[in-house]
Amino acid sequence: MSRETILEVRDLRTHFFTKAGVARAVDGVSFSLARGEVLGLVGESGSGKTVTGFSLMGLVDPPGRLVSGSIRLGNEELAGLLEEGWRRLRGRRIAMIFQDPMMTLNPVLRIDTQMIEAIRAHVDISRSAARERAREALARVGIPSPDERLSAYPHQFSGGMRQRVAIAIALLNEPDVIVADEPTTALDVTIQAQILYEVQKLCAETGLAMIWITHDLAVVGGLADRVAVMYAGRIVEQGPVDAVLDAPYHPYTHGLIGSVPSQNRRGTRLTQIPGMAPSLLALPEGCSFAARCPRADAACKVLPDLLELSAGRTARCHHPHGLVETTVGEDA
Amino acid sequence: MASTETPIAGIAAPRRADTPFRRFLSDFTDSRLAVLAAIGLAIVILAALLAPWISPQNPYDLAVVSVFDARLPPGSQSMDGVTFWLGTDGSGRDLLSAILYGLRISLSVGVASAAIALTIGMIVGLVAAYAGGRTEGVIMRIVDIQLSLPAVLIALILLAILGKGIDKIIIALVIAQWAYYARTVRASALVERRREYVEAAACLGLSHARIVFRHILPNCIAPLIVVGTVQTAHAIALEATLSFLGVGLPQTEPSLGLLIANGFDYMLSGKYWISVFPGVALLITIVTINIVGDQLRDALNPRLQK
Amino acid sequence: MSAAPLLALDAVSKRFVRRLDAAEKIVNLFGGKRREEVVHAVDSVSLQIAEGEVVGLVGESGCGKSTLGRVVAGVHAPSEGRVLWRGRDVESLSGAERREATLKIQMIFQDPMSSLNPRMRVRDIVGEAPRVHGLVSGDEIADYVDRMLLRVGLDPSYKSRYPHQFSGGQRQRIGIARALAVQPDFLVCDESIAALDVSIQAQVLNLFMDLREDLGLTYLFISHDLGVVEHLADRVVIMYLGRVVESAPAVELFADPNHPYARALLAEVPRIDTRKRVFQPVKGEIPSPLAPPSGCHFHPRCPHAKPRCREQAPALREIAPGRMSACHLNDG
């Protein structure tokens with residue numbers, strides 16, 4: 001964990017000012033990311049995980065707005081950048097992969113045209129040098145016969161191959177950080193495994209840092225170094241993957257892991273979290289999970305702080321699980 | 001562990017107590033222009049409906065129309081002291097009254113032909129989409145051919161054969177326009193047909209007629225309303241064109257188009273009002289319908305709804 | 001296994017043909033070589049499901065599992081083969097018997113939005129079929145709908161609302177209530193929880209298990225999620241490109257898969273209890289169902305493929321009591 005920190009997010013708030021009221025999609029999110037590290041950002045729909053990703057890329061459109069907070073990439077502050085500044089950074093130092101690769105790909109242009117453009121937008125090199133670099137990027141994500149594939153159109157690729165091309169494009173300018181938003185959710189199991197394999201290799205070999213946004217705890221367990229669990233716009237628990245998945249502090253994480261079928265005895269009722277996530281437009285006072293939480297009491301009317309409960313692990317809860325075993329005094 | 005344990009209490013109330021209609025209303029009123037147009041249109045329709053009661057005179061009652069009042073400019077007074085706010089036409093009729101009565105005819109021809117064309121097109125389009133195969137192929141080829149001919153041309157030919165009269169022009173307009181509705185309904189019915197709720201209806205053993213009319217049709221209404229409004233405006237314009245050309249309505253039932261045509265002869269002699277005021281009335285009618293139609297399209301577009 | 005199975009498929013195939021349009025026919029007149037495209041979505045599948053059994057049907061995209069489910073549910077008629085309900089060919093039934101067979105098999109769909117008619121109120125969605133078929137008289141229908149909603153864990157006071165006013169999990173419950181309202185014996189669940197959030201998935205799965213216990217329902221549970229199938233199913237059937245490759249009791253299959261595809265699939269499912277694993281994906285993509293490979297469809301991706309696998313499609317044979325597999329390797 002002594003690796004150099006590349007991305008530092010502090011108290012990020014992105015709110016949407018809609019007709020029906022202010023939706024606090026991201027409300028005070030903080031985390032950091034080291035080189036070569038994969039951070040799994042886990043949450044259900046409406047938890048703010050995707051909006052967090054978009055905020056890091058400067059891609060939040062009205063009525064959404066980055067209200068406050070700081071995003072430091074290396075030694076540059078991104079919060080408050082204007083569109084011009086974002087354009088300079090995006091694709092060069094920080095890149096994004098979407099669930100639907102066609103968000104990145106233009107259906108009417110050949111792959112090489114798109115990739116060469118993406119390179120030459122940031123670096124002043126010749127077309128042939130750029131083409132060579134594009135070829136290398138395709139080879140690096142495991143696309144067979146990259147020379148031929150370069151002159152193909154997006155529709156000539158299968159879903160899995162398209163996602164690889166999107167990753168290759170994200171890699172073109174060797175960014176420091178890639179934000180991946182559910183990139184394998186729409187793919188089949190065997191194809192997902194192929195993509196995860198390539199991504200794993202890339203991060204280990206190149207020191208690329210990655211934020212992997214997903215709802216799938218199992219994928220995070222297999223891929224990530226650290227995990228941050230989001231609920232209703234806030235991070236409720238953060239820490240090394242093994243520690244969090246083996247002994248979660250926050251009752252929400254606890255419930256989420258417990259509701260995965262393989263964590264239950266075959267054929268028995270699953271542990272379930274009752275109820276459903278609150279509307280971002282009408283968040284309750286205090287802890288937003290309290291209404292669904294078996295441990296909630298009067299204290300939960302006050303929003304708990306994100307506290308370090310053991311080395312490198314934080315949780316936002318008044319009544320965390322497993323505190324008897326893990327002494328609180330450890331970090332004192 | 002009975003299923004009653006399923007957490008009813010834990011399930012929060014559904015969001016917002018709204019109905020599709022209330023949501024539509026809130027979307028529609030987003031545009032101030034559209035609200036103004038809707039008000040304008042409502043006034044036009046009211047004026048047409050109430051023409052017999054609000055017109056200063058009955059322009060077709062020969063007892064009150066006097067040829068001596070012919071072609072008076074706006075604001076003049078008749079010999080009996082009645083003010084003609086918009087002037088009079090070539091036969092001495094009060095132009096304001098003539099416009100109100102003309103509006104009545106124009107609107108009813110437009111609405112009646114649009115309603116009939118909509119019904120025919122809707123049924124044909126639904127049948128084509130649901131039946132598929134050869135039936136659909138034949139129906140849609142007819143629609144294609146129909147749409148490749150200009151509506152004015154079709155109407156002109158038909159009226160040349162049928163002759164003048166309100167019923168004749170409505171028939172001509174229906175034949176010229178049903179294909180637009182058929183195409184619209186088929187397009188949205190094809191999309192709806194593939195949705196899982198239609199498969200669910202089949203699983204539930206519901207009849208074809210029930211699936212088509214109770215399940216698919218209500219979900220195709222939104223684009224139909226939009227096309228319906230725009231096509232009503234087209235029908236009104238088309239009728240005006242035909243009447244202007246002298247093949248539409250007879251002189252006994254003067255619509256706005258006919259009023260314009262009648263005044264056209266006097267344009268060059270400086271008596272502009274006889275043609276221009278009916279023209280303005282026609283313009284207001286068509287423009288307000290089109291603006292309302294545009295906003296309907298935005299407000300009813302399911303892709304823009306969340 | 002002595003009694004006639006509740007539902008049996010006898011060599012069922014389903015083909016979809018895309019016919020030539022007018023333009024293509026004209027091209028052919030001038031010597032073009034346009035052909036009708038035929039997809040063998042389901043290719044001679046036989047299957048027996050006993051009363052009270054839960055059969056999990058697993059496979060990746062294009063394997064035909066959804067099409068098979070729709071043939072079972074009567075949404076699609078089979079192109080070849082027979083569907084037998086309580087030992088009788090459904091196609092041969094007519095009138096009241098046919099209706100009975102139709103209603104006894106109901107389907108729960110994937111997309112909780114598109115599976116409910118957006119223009120109908122909940123009470124009509126649930127109450128329409130029982131009223132039309134005269135299962136319930138006019139003055140009892142309101143009570144009946146209330147009972148159905150309670151049964152699936154919904155508050156009956158919301159029955160005048162429209163589907164869009166409910167969350168995804170609630171909509172799925174409405175879909176289940178609609179199916180239960182015609183008193184089925186058999187539910188085909190096509191990816192019925194795939195579109196839901198993890199914590200909501202557990203709730204709906206628990207509902208399925210409760211209904212099985214309370215109403216003695218039989219299930220065909222179609223899913224790409226092996227964890228869910230492992231938890232729920234008595235028997236698992238794995239499909240690849242329209243054919244069944246393996247069928248076995250769930251416990252045995254997950255302990256020791258026989259077919260190379262089944263092995264690959266099981267190995268690559270991300271599991272929450274395996275961390276920082278090295279993904280070792282099976283190579284190659286899923287071929288297009290428009291042009292499946294010759295012989296055994298899996299041979300281009302199979303690590304054990306022999307020349308014979310390319311030429312001859314292996315038959316589905318019993319390899320142990322109650323276990324079937326379609327692989328030449330079993331011939332020794």
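Predicted model: local features only at pLDDT ≥ 70, side-chain atom pairs only at ≥ 80, totals over all residues.
Why does Asp11(A) count as exposed? Asp11(A) has 12 C-beta neighbours inside 10 Å and therefore counts as exposed.

Residues are numbered from 1 along each chain as its sequence is written, while chains are lettered from A and ligands numbered from 1 in the order in which they are written.

**Backbone features**

Asp11(A) lies in strand β1 (residues 5–18) of chain A. Helices (H or I, at least four residues) and strands (E, at least two) are DSSP runs, numbered from the N terminus. Most residues other than glycine have a negative phi, and most peptide bonds are trans.

| Residue | Phi | Place |

Leu241(C) has 23 C-beta neighbours inside 10 Å and so counts as buried. In chain A, the peptide bond from Pro62(A) to Pro63(A) is cis, with omega near 10°. Pro63(A) belongs to the loop between α1 (49–56) and β4 (64–73) of that chain.

Helix α2 (residues 65–73) of chain C is mostly covered, with nine of its nine residues buried. Among them are Lys65(C), Leu68(C), Arg70(C) and Val72(C). After α2(C) comes Gly74(C), whose phi is positive, near 85°.

**The nonpolar core**

A nonpolar core is a set of buried Ala, Val, Leu, Ile, Met, Phe, Trp, Tyr and Cys residues joined through C-beta atoms within 7 Å. The largest one has 273 residues, and Trp212(A) and Phe221(C) have the most contacts inside it. Helix α4 (residues 95–131) of chain B contributes the largest share of this core, 19 residues. Leaving aside residues up to four places away in sequence, Trp212(A) touches several residues, including Val38(A), Leu41(A), Ala180(A) and Leu223(A). Two residues are in contact if their C-beta atoms, placed from the backbone, lie within 7 Å.

Helix α7 (residues 189–206) of chain A packs against helix α10 (residues 260–268) of chain C at an angle of about 55°, with the axes 9 Å apart. Axes are lines fitted to C-alpha atoms, for helices over the stretch in contact, and angles run from 0 to 180 degrees between N-to-C directions. α7(A) and α10(C) are therefore oblique to each other. Angles under 35 degrees count as roughly parallel, over 145 as roughly antiparallel, 65 to 115 as roughly perpendicular and the rest as oblique. Val189(A), Thr190(A) and Ala193(A) of α7(A) meet Ala264(C), Leu265(C) and Glu268(C) of α10(C). These contact residues comprise four nonpolar, one polar and one charged. Ala, Val, Leu, Ile, Met, Phe, Trp, Tyr, Cys and Pro count as nonpolar, Asp, Glu, Lys and Arg as charged, and the others, Gly among them, as polar.

Note on methods. Buried ≥ 20, exposed ≤ 12 C-beta atoms within 10 Å, placed from the backbone.
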